[in-house]
Amino acid sequence: MKSILTEAELDRIKEAVATAEKQTSGEIVPYIVQKSARHEVAIWRGAGLFALLAYAIVLGIRWFSGWGGTQLTEGITPVLLIIVTGCIGAMVVHWIPGVKRYFAGRARLAFATHQRAMQAFVEKEVFLTRERTGILLFVSLFEHRIEVVGDTGINSKVDSDDWVDIVATIQRHLKSGQLAEGLVEGIQQCGHLLEKAGVTIRSDDTNELADDVSFGV
């Protein structure tokens, strides 16, 4: 997973986190996963659709042949044709990310990303800050989705809609293959937003959570 970012890019992101945290008591944790779920349902949907198309073709051949039957519609041949075509559909969905996302559906992609983000929030113990000011900046590469999960000290001052621009910034760069640039810009925006929202830095502020990018499986 770390290979998706160079050492220089990792350093830039870490520096952006440190700089943003000098403006606010918020503790920003960037977290990246390759995918939030396996989305097996997409594979089954693809297999089912391809098999259904094969079945429709068999029926069409039988209809055009006057139901007299041909080699493709007799015996076990149509059954094998449907099974093989279904397997091809499953392979197409499995190996082509864009097709898999389509068959999974937006709602499922969003749900899986949110669930994985909440898991990462607990896994990285983002809640372990003195004033509950931890923020998880979660990026799911396969789903092309970003979640911002704030702890209670953040959510009391920042509305969920306020994160929209930050999410859009990272998402735009992610789709163009500029993940590091998106994270750096998003983290900078996050620092400005928190400062504006009154999540002020304390005189005895300490760095409670690591500034490094975290990677999940």
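These legends walk through several close-up views of the predicted model shown above.

The model is predicted, so local features need pLDDT of at least 70 and side-chain atom pairs count only at pLDDT 80 or more, while totals for chains, interfaces and linings use all residues. Residues are numbered from 1 along each chain as its sequence is written, and side-chain values use heavy atoms, with hydrogens and water left out.

**View 1. Strand β2, enclosed by the rest of the structure.** Helices (H or I, at least four residues) and strands (E, at least two) are DSSP runs, numbered from the N terminus. Follow the side chains along β2: Gly134, Leu136, Phe138 and Ser140 point one way, Ile135, Leu137 and Val139 point the other way, and all are buried.

**View 2. The partners of β2 in the sheet.** Two strands pair if DSSP finds at least two bridges between them. Strand β1 (residues 27-33) runs parallel to β2, and 7 bridges link the two. Look for Glu27 opposite Gly134 of β2. Strand β3 (residues 145-150) is antiparallel to β2 and is joined to it by 6 bridges. Ser140 has Arg145 of β3 as its bridge partner. The hairpin made by β2 and β3 has 4 residues between the strands, and in this turn His144 has a positive phi of about 55 degrees.

**View 3. Helix α7 and its two sides.** Buried in α7 are Ile166, Val167, Thr169, Ile170, His173 and Leu174. They cover an arc of only 160 degrees around the axis, which puts them on the same side of α7; the arc is that of the directions from the helix axis to the C-beta atoms. An α-helix has 3.6 residues a turn, so residues three or four places apart point the same way. On the other side of α7 you will find the exposed residues Asp165 and Lys175. Among the elements covering the buried residues of α7 are β2, β3 and α8 (179-197). After α7 comes Gly177, with a positive phi near 80 degrees.

View 4. Thr169, in helix α7, is buried, with a relative accessible area of 6%. Its side chain reaches the backbone oxygen of Asp165 at 2.9 Å. The side chain of Thr169 also makes a polar contact with the side chain of Gln189, at 2.6 Å. A polar contact is a pair of N or O atoms within 3.5 Å; within protein, one must be able to donate a hydrogen and the other to accept it, and residues adjacent in sequence count only if both atoms are side-chain atoms. Gly186 lies in α8 and is buried, with a relative accessible area of 0%. Setting aside neighbours within four places in sequence, Gly186 is in contact (heavy atoms within 4.5 Å) with Ile166, Thr169 and Ile170.

**View 5. The largest nonpolar core.** A nonpolar core is a set of buried Ala, Val, Leu, Ile, Met, Phe, Trp, Tyr and Cys residues joined through side-chain atoms within 4.5 Å. The largest one has 31 residues, of which Val139 and Trp163 touch the most other members. Two or more residues of this core come from each of α1 (7-21), β1, β2, β3, α7 and α8. Helix α8 gives the most to this core, with 8 residues. Apart from it lies another core, of 11 residues, including Tyr31, Val33, Ala120 and Leu136.

View 6. In α1, the buried residues are Leu10, Ile13, Ala16, Val17, Ala20 and Glu21. They cover an arc of only 130 degrees around the axis, which puts them on the same side of α1. The face turned away from this buried side carries the exposed residues Glu7, Ala8 and Glu15. Packing against the buried residues of α1 are β1, α8 and β4 (214-216).

Definitions and conventions: Buried means under 20% relative accessible area, exposed over 50%, partly exposed in between (1.4 Å probe, protein chains only).
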